[in-house]
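Grab a pencil and work through a few exercises on a protein model. Try each task yourself before you read the solution under it.

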Amino acid sequence: MVVELISVGTELLLGNIVNTNAQYLAQKCAELGLSVYYQSCVGDNAKRLEDTIRLALSRSDVVILGGGLGPTEDDITKETAAAVFETELKEDAHTRQRIEAYFEKNKEIPENNWKQAQVPAGAKVLDNDNGTAPGLIMEKGEKTLILLPGPPNELIPMFQESVIPYLKGRCSDAIVSAMIKSCGIGESKVAAMLNDIIEEQTNPTIATYAKTGEVDIRVTASAPTEKEAKKLVRPVVEKIKSRLKDAVFTTEEDVTLEEEVVRLLNKYELTLATAESCTGGLLGGRLVNVPGVSDVYKAGFITYSNKAKRKYLDVSKNTLKKYGAVSKETAKEMAKGGVFQTDADICIAVTGLAGPGGATKEKPVGLVYIACYIGDKVQVKEYHFKGNRNKIREQTVVRALDTVRRCILDKYHETARK
């Protein structure tokens with residue numbers, strides 16, 4: 001089944017708001033095994049919106065529109081969709097009651113909100129538990145329009161609760177997908193390592209998605225039953241995992257790299273400290289996004305200046321003078337200092353040149369050293385990242401998290417082999 005996405009709103013078209021809805025909907029459609037060939041963004045103009053809807057219907061089975069269902073005059077999605085399907089708007093008593101309930105604590109309901117109770121005749125109404133604009137599913141022949149409110153906190157729950165079951169019901173086969181998340185190797189290398197598997201794909205299908213420092217691989221299969229689809233997915237997932245080995249950090253859809261690091265720390269009853277220079281707290285920030293991290297995360301040091309490195313991490317004055325702040329020697333002493341200052345089991349330290357200034361021939365922008373102290377040993381690695389200042393810092397954080405993960409695995413795999 002081919003699905004097309006249309007984002008409605010002049011604020012999206014002009015870039016005043018980041019279009020996170022399109023990203024979310026595209027990802028969810030991929031998970032459902034649906035084909036998304038086109039996405040469009042159109043402003044609040046009835047003629048252009050109508051042309052966009054008609055074009056989408058000419059080449060897709062289902063068109064999902066996000067935005068333009070509010071109470072103001074420039075919210076025209078519902079009216080335009082009704083015109084395309086040549087149907088009239090009628091008041092929906094159920095929706096009117098829900099609007100009344102939503103405003104029950106107010107003395108007056110703004111008159112323009114009643115506009116949201118008008119729905120195309122014959123449309124299926126999707127209740128909105130987080131706002132007043134209902135969603136709509138409109139069918140005509142073999143074509144379907146799905147209209148969703150624009151705010152993400154309304155669109156996402158409505159899609160999950162109402163639209164996903166509807167789309168699954170439209171598919172004759174069961175669709176099952178699995179995610180393999182990897183880090184430490186680039187997308188081109190992942191593609192090369194999996195080239196024969198990808199070239200031979202039919203059912204299941206394999207798709208790779210690159211993010212900063214990470215590569216996700218989705219395996220999707222369709223079959224008459226969910227059990228049969230899972231049976232098709234399982235061996236492909238295992239084959240990919242065997243190729244990528246320790247680069248794979250999870251096969252769980254919603255698990256992040258930092259969550260996996262915290263899981264390993266908990267599993268082996270380890271504590272962690274961070275010592276940051278060029279990342280300026282981004283590494284610690286990623287870690288504290290994980291609920292319950294306080295059980296394993298002892299402290300984070302942001303030692304941007306040489307003076308701070310000496311004062312808080314006991315980095316030698318001679319080391320800084322001889323090798324500089326951006327050096328494997330300084331990174332090593334930062335990691336040691338973090339452990340001794342906090343009595344943590346592990347300290348991950350980063351120092352580097354994020355740019356754009358400060359570079360020399362010997363130390364170019366993007367040069368980063370990452371050190372990990374664990375089990376009375378320090379591992380230091382040199383990296384050369386590409387991109388602007390933010391990109392270099394983001395890549396450093398991902399590689400630092402991956403370094404912690406790999407160091408824990410190496411330590412405890414060695415223990416197990418003994």
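This is a predicted model: local features need pLDDT of at least 70, side-chain atom pairs count only at pLDDT 80 or more; totals for chains, interfaces and linings use all residues.

**Exercise 1. The whole chain**

Describe the protein chain: how many helices and strands are there, and what share of the residues is buried?

*Solution.* Start with the elements: the chain has 15 helices and 17 strands. Next, think about its extent: along the principal axes, the C-alpha atoms fill a box of roughly 80 × 55 × 40 Å. Now go to burial, where 47% of the 418 residues count as buried. The accessible surface is about 21,000 Å², and carbon and sulfur atoms own 48% of that. Last, check the contacts: of those between residues at least 6 apart in sequence, 67% join residues at least 24 apart.

**Exercise 2. Charges on the surface**

Find the residues that form the positive surface patch, and say which element gives the most to it.

*Solution.* First, the overall charge count: there are 57 positive and 57 negative side chains, with the centres of the two sets 10 Å apart. Then pick out the patch, which is formed by Lys-307, Arg-310, Lys-311, Lys-317 and Lys-321. Two elements give two or more residues to the patch, namely α12 (306-313) and α13 (317-323). The top contributor is α12, with 3 residues.

Now zoom in on one member, Lys-321, which sits in helix α13. Is Lys-321 buried or exposed? Exposed means over 50% relative accessible area. Lys-321 has 74% relative accessibility, so it counts as exposed.

**Exercise 3. A charge without a salt bridge**

Which side chain of opposite charge is nearest to Glu-154, and how far away is it?

*Solution.* Begin by placing Glu-154: it belongs to helix α6 (residues 152-170). The nearest side chain of opposite charge is Arg-98, at 10.0 Å. A salt bridge needs a side-chain nitrogen of Lys or Arg within 4 Å of a carboxyl oxygen of Asp or Glu. Glu-154 has no salt bridge, although it is buried. To see what does touch Glu-154, set aside neighbours within four places in sequence: the contacts are Asn-128, Asn-130, Gly-131 and Pro-149.

**Exercise 4. A covered helix**

How many residues of helix α4 (residues 77-84) are buried, and which ones are they?

*Solution.* Count first: 6 of the 8 residues are buried, so α4 is mostly covered. Then name them: Thr-77, Lys-78, Thr-80, Ala-81, Ala-82 and Val-84. To finish, look at what follows α4: Glu-86 has a positive phi, near 55 degrees.

How values were computed:
Residues are numbered from 1 along each chain as its sequence is written. Side-chain values use heavy atoms; hydrogens and water are left out. Patches are made of residues with over 30% relative accessible area and no salt bridge: like charges are joined within 9 Å, nonpolar side chains (Val, Leu, Ile, Met, Phe, Trp, Tyr) within 5 Å. Accessible areas come from the Shrake-Rupley method with a 1.4 Å probe; for residues, only the protein chains shown count as cover. Lys and Arg count as positive and Asp and Glu as negative; His and the chain ends are not counted. The place of a charge is taken as NZ of Lys, CZ of Arg, CG of Asp or CD of Glu. Helices (H or I, at least four residues) and strands (E, at least two) are DSSP runs, numbered from the N terminus. Buried means under 20% relative accessible area, exposed over 50%, partly exposed in between (1.4 Å probe, protein chains only). Contact means heavy atoms within 4.5 Å.
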